[in-house]
Amino acid sequence: MYRKGHLGVSLLVFAPVGYWLVSVGEPEAAMLTGVVLLWFAMLPDIDHRLPVIEHRGVTHSLVFAGLVGGLFAVVGVALGDVFRVAGLGLGTFGFLLGFLTVGAHLVGDALTPAGIPLLWPLPRTYSLSVTRADNTLANYGLFGLGIAVTGGWVLVVLGVG
């Protein structure tokens with residue numbers, strides 16, 4: 001997937017999580033989650049800038065998702081467990097947020113025939129082979145769908161429509 005497609009998938013992953021966070025009285029956490037998912041939507045593609053790492057290698061795996069989750073957890077713990085998010089400590093919330101951020105990207109790339117090495121370092125790649133990464137219609141379609149689904153729950157929460 002390209003940037004628009006990844007942003008769309010991130011919005012689709014965010015939609016139920018954001019809705020849940022708002023429904024349990026955590027609108028600030030919902031906003032933070034949405035911003036982080038969109039801001040870091042392309043994080044696994046950092047491998048394009050690192051010549052020693054092959055594209056769709058380790059950064060497109062559960063190992064990387066766990067590492068990013070761990071980094072976010074450390075930030076959460078450093079901020080202290082002064083408050084909780086939906087009953088979770090900041091370290092736990094941070095881990096889930098980091099893992100989910102990378103996970104959304106992995107979902108987007110798993111839609112393509114090239115797939116992802118989900119269980120890296122095992123050599124097998126996983127692919128749903130739905131569309132090519134460069135398919136403009138698929139990328140914009142996912143982006144539009146993500147906006148529509150996220151916008152839909154926001155309107156429901158606001159009582160509009």
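Buried here means under 20% relative accessible area, exposed over 50%, and partly exposed in between (1.4 Å probe, protein chains only). We're looking at a predicted model, where local features need pLDDT of at least 70, side-chain atom pairs count only at pLDDT 80 or more, and totals for chains, interfaces and linings use all residues. Residues are numbered from 1 along each chain as its sequence is written, and side-chain values use heavy atoms, with hydrogens and water left out.

Let's start with the charged pairs. The structure has two salt bridges, a salt bridge being a side-chain nitrogen of Lys or Arg within 4 Å of a carboxyl oxygen of Asp or Glu.

| Salt bridge | N to O distance |
|---|---|
| Asp109 and Arg56 | 3.1 Å |
| Arg132 and Asp134 | 2.9 Å |

Asp109 pairs with Arg56, and this ties together distant parts of the chain, 53 residues apart: Asp109 belongs to helix α4 (residues 90-110), while Arg56 sits in the loop between α2 (27-39) and α3 (62-79). Helices are DSSP runs (H or I, at least four residues), numbered from the N terminus. Asp109 counts as buried because its relative accessibility is 1%, and Arg56 also counts as buried, at 14%.

What about the other pair? Arg132 is exposed at 53%, whereas Asp134 is partly exposed at 36%.

Note on methods:
Helices (H or I, at least four residues) and strands (E, at least two) are DSSP runs, numbered from the N terminus.
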